Each structure stands twice: as structure tokens, then as C-alpha cells.
Amino acid sequence: MPDLHELLRPLRVWDPAVTELPDFDPATAPADPLALYTAWFAEAVAAGQVEPHTMSLATADEGGLPDVRTVMLHGADASGWSFATHAGSRKGRQLTARPYAALGFYWPAQGRQVRVRGPVTGAPSAESQADLHARSTGALAAALTGRQSEVLSSLEELRQQSQAAWDRTQREPDAPVPSWTLYRLRPDEVEFFQGDAARRHVRLRYRRTEEGWAKELLWP
Ligand SMILES: Cc1cc2nc3c(=O)[nH]c(=O)nc-3n(C[C@H](O)[C@H](O)[C@H](O)COP(=O)(O)O)c2cc1C
């Protein structure tokens, strides 16, 4: 078995040989966090960041205990950041019990992190189905396979159900998946973190107030 601590010891973040940390001047940041998020997303794509549209989604269960997993970003606009999953999955049940979540993006190509927190609502069924059917056949087959987060008896059972789902996508490319839900997180807070080689990382937090977005710097 490899020695984990041996492997960890030489590892660093933001190796100057491969990572160029951009300057971020919070004084020039726009008034709305969505505008900054969109600019940073475009810069992550331009910097060659692998899979910038994947994010950690943190939820809490009925007892308040935390949970986290990776999901795909479906979009972000004035109504919030959106993602999709099965309402009956573990995270779906947690969101029913506590409709509040946090998202985390890490874009190491530029030493950037974005955190988003706020209440979550499920979109109406027709909108969720339209979002699913606009995606790939594989996404539909995976959604049709269903039973997400239930205990699986064998990989053979998964293979059979998945094959049946793929076959159905051929016959019925608009097959409905009633449990599939598009969720929107409407942020109360959005924080932008720009890593700095001298560890003077810049943290800019936007907080929603009755008068609009308040911006404040945070100690790193
Ligand atoms: C890169 C990546 C993207 C993923 N995207 C999604 C997604 O958009 N929706 C989803 O339900 N699960 C997605 N998953 C799977 C989830 O991480 C998770 O395993 C699954 O949703 C079950 O989570 P739960 O048991 O907490 O409900 C993705 C996994 C990875 C690694």
C-alpha cells in the first residue's frame, strides 16, 4: 500500500511553473456577484480549467448533519445558481427537509474559489423535464435508471436497468423522469477567493441586504 503521508509531503498548491495567479483588485469588482461569477467563469474556461462547471453541493440532513457531493452547474442567472438531481435521492430528501445549501467551486488553474450559500427551491416539473431533455442522451439514460442513493444489490442489476434505460431513450427521447428536479439556489452570500503566492489571499464577500448587495473584504 502506498504511504499516504509520503505522497502528501511534497505536494503544494499553485506551483508557479504551471499556475499563473491573476491579480484581483476587489475595488473594481462589479456591484452584482453574478457579473463577477460570470467573468471568473469565462476566465476559468480561457485558462483551460478542467470541468469548471462541476461544483461541490453541501446540504444538511434532518438532524442538521452536513453532507457533500459533486454535481454539475446547469446555469446561473438573477433567480440563482441551478443544478439537477432526483428529488428522492439522499440530497433531494435533505433539501426537502432543509431547503438550504452551499456550493463550492475550485478552479486551481488560477487559484480561485467561489462559495455560494442560500435557500433552495425546486423548479416546476415541466421546467425540470425541459432542462433534462435539452441535455445529452446519456444524461437522460442516467436519470431514467433512477433509484439514486438506494442500496444496489449487484453491478449486474445496474447493467440491466441502465441498458433498459438507454433502449428507452432511443424509442422515447422525451421520456419523462418525474423525480428529476431542477433546483435553484438563490444566494444570500457569494464569496470570491483569489489565491496569492505570498499568502495574502483576497477574499471578497457579497451579502444580500434590503438595499442590495453589500461587499466586504475578509481576512484570509
Ligand atoms: C463530476 C461529477 C458530476 C456529477 N453531476 C451530478 C449531477 O449533476 N446530478 C446528480 O444527481 N449527481 C451528479 N453526480 C453524482 C453525485 O456526486 C452523487 O454521487 C449522486 O448525486 C448521489 O448523491 P446523494 O446520495 O448525496 O444524493 C456527479 C458526480 C461527479 C463526480
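What share of the 220 residues of the chain count as buried? In this predicted model, the figure is 24%. The chain has six helices and 10 strands, and its C-alpha atoms fill a box of roughly 55 × 55 × 40 Å along the principal axes. Of the contacts between residues at least 6 apart in sequence, 63% join residues that are at least 24 apart.

The largest nonpolar core comprises 33 residues. Ala101, Leu103, Val114, Val116, Tyr183 and Leu185 have the most contacts inside this core, and strand β5 supplies its largest share, five residues. For Tyr183, once neighbours within four places in sequence are left aside, the contacts are Ser82, Phe83, Ala84, Leu95, Val120 and Gly122.

Helix α3 spans residues 90-97, and Lys91, Gly92, Gln94 and Leu95 are its buried residues. These residues lie on the same side of α3, because the arc they cover around the axis is only 160°.

The "binding site" annotation in UniProt, from an unreviewed entry, lists Arg90, Lys91, Gln113, Gln148, Ser149 and Arg203. The listed positions do not all gather at one spot, since they span 114 residues in sequence and the farthest two C-alpha atoms are 36.2 Å apart. Two of the listed residues were considered individually. Arg90 is found in helix α3. Its C-beta atom has 16 C-beta neighbours inside 10 Å, so Arg90 counts as partly exposed; a residue would need 20 or more to be buried. Gln148 is placed in the loop between α5 (137-145) and α6 (155-171). With 17 other C-beta atoms within 10 Å, Gln148 is partly exposed. Beyond residues up to four places away in sequence, Gln148 touches His86 and Ser89.

A further annotation from an unreviewed UniProt entry, "domain: Pyridoxine 5'-phosphate oxidase dimerisation C-terminal", covers residues 180-220. Trp180 is found in strand β7. This residue is buried, as 25 other C-beta atoms lie within 10 Å. Apart from neighbours within four places in sequence, Trp180 is in contact with Ala84, His86, Ser128, Leu132 and Ala143. Trp180 and Ser128 are 52 residues apart in sequence, while their C-alpha atoms are 6.7 Å apart in space.

How values were computed
Residues numbered from 1 in each chain as written. Predicted model: local features only at pLDDT ≥ 70, side-chain atom pairs only at ≥ 80, totals over all residues. Buried ≥ 20, exposed ≤ 12 C-beta atoms within 10 Å, placed from the backbone. Helix = DSSP H or I, 4+ residues; strand = E, 2+ residues; numbered from the N terminus. Arc of directions from axis to C-beta. Contact = placed C-beta atoms within 7 Å. Core = buried A, V, L, I, M, F, W, Y, C linked by C-beta atoms within 7 Å. UniProt positions renumbered as here; feature names shortened; annotations may be inferred.
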